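My entries follow in the order I made them.

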Amino acid sequence: MPVTRQKKSAEWIEILNRAGVPCGPIYRIDESFADPQVRHLAMAQPVYSPAMGDLTILGHPVSHGERRLPIRTPAPELGQDNEQILTSIGYTKEQMADLAQRGVI
């Protein structure tokens, strides 16, 4: 049995914190939103996704002063920015079409 399975997560966190190792739990999504520190920091923020509608997602834990910067956009959909990125590094439309046809992008 792996050593980490010999104790509960909370026990490991306490042991590691006492030893000066910064650590915390690895949460499931629902646990993330319920965490007292996430609530205290107001990290959960609404955002609109064209693909998924209104969502609440976790923002960055670091804020600037007392004001939390809003999340401006959701994460991009898979491949959403391919053309913009590939064009910016010199790919032609023909090369991008070839990559798409071959299933690369």
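I began with D98, which is partly exposed, with a relative accessible area of 34%. My scale calls a residue buried under 20% relative accessible area, exposed over 50% and partly exposed in between, with a 1.4 Å probe and protein chains only. Before going on I noted the ground rules: this is a predicted model, local features need pLDDT of at least 70, side-chain atom pairs count only at pLDDT 80 or more, and totals for chains, interfaces and linings use all residues. Residues are numbered from 1 along each chain as its sequence is written, and side-chain values use heavy atoms, with hydrogens and water left out.

**Salt bridges**

I took a salt bridge as a side-chain nitrogen of Lys or Arg within 4 Å of a carboxyl oxygen of Asp or Glu. By that rule I have five salt bridges. D98 is in one of them, with R102, and the closest N and O atoms are 3.0 Å apart. R102 is exposed because its relative accessible area is 52%.

Next I looked at R28. Its side chain meets that of D30 in a salt bridge, 3.3 Å from N to O. R28 also bridges to E31, where the closest N and O atoms are 3.4 Å apart.

D35 lies in the loop between α2 (29–34) and α3. For the element names, helices (H or I, at least four residues) and strands (E, at least two) are DSSP runs, numbered from the N terminus. D35 is buried but has no salt bridge. I searched for opposite charge, with Lys and Arg positive, Asp and Glu negative, and His and the chain ends not counted. The nearest such side chain is R39, 7.9 Å away. What does the side chain of D35 reach? It reaches the backbone nitrogen of Q37 at 2.8 Å.

**The strands**

I then checked β1 and β2 (residues 53–58). They run antiparallel, and six bridges join them. For strands to pair, DSSP must find at least two bridges between them. A hairpin of three residues connects β1 to β2. Y48 stands opposite D54 in β2.

In a regular strand the side chains alternate between the two faces of the sheet. I sorted β1 by face. Q45, V47 and S49 make the covered face. A44, P46 and Y48 make the uncovered one.

Most residues other than glycine have a negative phi. A42 counts as partly exposed because its relative accessibility is 44%.

**Rings and a charge**

How many aromatic pairs does the whole structure hold? I found zero.

W12 does have a charge over its ring: the charged end of K7 sits 6.0 Å from the centre. The rule asks for NZ of Lys or CZ of Arg within 6 Å of the ring centre and within 35 degrees of the ring normal. K7 is in the segment before α1 (9–18). K7 is partly exposed, at 36%.

**Distances**

K7 and S63 are 56 residues apart in sequence and 34 Å apart in space. A34, in helix α2, is 25 residues from G59 in sequence and 14 Å from G59 in space. A97, in helix α5 (residues 93–101), is 79 residues from R18 in sequence and 56 Å from R18 in space.

Terms used
Rings of Phe, Tyr and Trp (its six-membered ring) pair if their centres lie within 6.5 Å; planes under 30 degrees apart count as stacked, over 60 as edge-to-face and the rest as tilted. A polar contact is a pair of N or O atoms within 3.5 Å; within protein, one must be able to donate a hydrogen and the other to accept it, and residues adjacent in sequence count only if both atoms are side-chain atoms.
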